[in-house]
Amino acid sequence: MAAATPRAQGKTPGRPGIARIISASLIGTTIEWYDFFLYGSAAALVFNTLFFPDSDPLVGTLLSFLTYAVGFAARPLGGVVFGHYGDRIGRKKLLVLSLMMMGGATFAMGLLPTHATLGVGAPILLTVLRLIQGFALGGEWGGAVLIVSEHGDDKNRGFWASWPQAGAPGGNLLATGVLALLAAVQSDEAFLAWGWRIPFLLSGVLVIIGLWIRVSVSESPLFLEAQARAQAEAAKAGPAAAKQDAPVVEVFRHNWRGVLTAIGTRLGENVSYYILTAFVLVYVTVHLELPKSTALNAVLIGSAVHFVTIPLWGALSDRIGRRPVTLIGSIGMAAWAFAFFALVDSKSFAVITLAVTVGLLLHGAMYGPQAAFISEMFDTKVRYSGASMGSQLASIIGGALAPIIAVELLKDFGSATPVALYVCVTVVITTLTVLVAKETRGRSLAERSAAPGDSSAAAPSATIST
């Protein structure tokens, strides 16, 4: 057996090293989520008018959200492609590529002609660019959380890995903040005419900053070790060795339970998040007929609290476990779903802000430990593929459909109660999934779970694999 590497002996990067890795992941993830959420906010506020003008407000919004969902549909494909190459050639290269694709598509959206200029070609181009966004984001999440998880130590992984998670509210905070600022300084007519383009064009500047930071980080040491080990085993086996399966094939052959657990863990979290941040914009502006600044500012404040508290939930999962913290969020959200809409119906800005903030606080309990929890379900050689597939398949079932289902329920019933029930059902599924899952806190990511015929692997730890 090869001599133990420094990493295998328990040595990890010092605080300055891990801080640099976290900063690169957080900034890059924030920019990518800014791009993705900017579309969601625009879909709720202006795209129904600019690209689907021949429909009534709710139907136009529904069509707008259908193009929004297309981005989610592309995410599993991005997860497969980025996961495959991320497990073969490294995490860093794919993270740089995902940022360039996402930023380029978002910048191009800011240059798009609208329906008034191009007719049906406008929403078609919008949909193509949304597909590129989704494809890029499908590869971003797995790489960003893994490069942090694989640089950090086992004891504090929940805390370190939760920082890229904070990029989601960070991006939403940035996107909503820019839109709220424009709404405050521009008339509705000016915003519809040209103001909505500014946040999309701003993405070009942000991507340059993100690339400058992201290219400076080092490759995951665990990936480099796994790659070296695989090359040594292949050389030892000789040319007669069997061809290695693609990582995604190995995931579904040996770790399908991990994929299903990741999907169930993310389902309620995904649905509740998009109800709290995307659908609420529609509900407040169209159903309650309040100014769009009311909903935007409420989400802005809630996202700021969300950003700060996600790492705290991640740190708590290092103390008491991934499962207990996730259950705090899922069980709490099941109850809050009904209180949320009752409070929003008050039409009071302060009360609406409270409703969104508490909802995002509970969501953070599900989201904070998630990066470490899912990373710990898979071995290094298939971790990018496994984590990406589990998370992105959940995004189709959850995030892609959530605003569409919610708008349709509101249109059919004229009430938010069915929407609250929908959220409740999904977080109950997450609760049941986490209850039957095994705790992964403390697992060494350097371990290799025993696959059929693999006598060199370490005994499997508390993770989910077959």
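**View 1. The lining of the largest cavity in this predicted model draws at least two residues from each of helix H1 (15-45), H13 and helix H16 (349-367).** Helices here are DSSP runs (H or I, at least four residues) numbered from the N terminus. The largest share of this lining, 5 residues, comes from H13. The residues lining the largest cavity are Trp33, Phe37, Ala168, Arg266, Glu269, Asn270, Tyr273, Tyr274, His363 and Tyr367, and by class they divide into 6 nonpolar, 2 polar and 2 charged. In this classification Ala, Val, Leu, Ile, Met, Phe, Trp, Tyr, Cys and Pro count as nonpolar, Asp, Glu, Lys and Arg as charged, and the others, Gly among them, as polar. The largest cavity has a volume of about 60 Å³, and the structure holds 4 cavities of 30 Å³ or more. A cavity is a set of points, on a 1 Å grid over the protein atoms alone, where a 1.4 Å probe fits but cannot get out, and lining residues have an atom within 4 Å of a point; the volume is the space filled by probe spheres set on the points, which are joined across faces, edges and corners.

**View 2. Helix H13 (residues 256-287) and helix H14 (residues 292-320) have axes that come within 8 Å and cross at roughly 160°.** That angle makes H13 roughly antiparallel to H14 (over 145 degrees; 65 to 115 would be roughly perpendicular, under 35 roughly parallel, and the rest oblique). Axes are lines fitted to C-alpha atoms over the stretch in contact, and angles run from 0 to 180 degrees between N-to-C directions. The contact (heavy atoms within 4.5 Å) is made by Tyr273, Leu276, Thr277, Val280, Leu281, Val284 and Thr285 of H13 and by Lys292, Thr294, Ala295, Leu296, Val299 and His306 of H14. These residues divide into 8 nonpolar, 4 polar and 1 charged.

**View 3. Helix H4 (residues 91-109) packs against helix H6 (residues 121-149) at an angle of about 150°, with their axes 8 Å apart.** H4 and H6 are therefore roughly antiparallel to each other, and H4 passes H6 in a left-handed crossing. The residues of this contact divide into 15 nonpolar, 4 polar and 4 charged.

**View 4. Helix H8 (residues 167-185) and helix H10 (residues 197-214) cross at roughly 135°, their axes coming within 10 Å.** H8 and H10 are therefore oblique to each other, and H8 passes H10 in a right-handed crossing. Leu174, Val178, Leu179 and Leu182 in H8 meet Ile198, Pro199, Leu202 and Leu206 in H10, a contact with 8 nonpolar, no polar and no charged residues.

**Notes to all views.** Residues are numbered from 1 along each chain as its sequence is written, and side-chain values use heavy atoms, with hydrogens and water left out. In this predicted model local features need pLDDT of at least 70 and side-chain atom pairs count only at pLDDT 80 or more, while totals for chains, interfaces and linings use all residues.

Key: 1 Å grid on protein atoms, 1.4 Å probe; cavity = no way out; pocket = protein on both sides within 12 Å on 5 of 7 lines; lining within 4 Å. Left-handed = near helix turned anticlockwise from the far one by under 90°.
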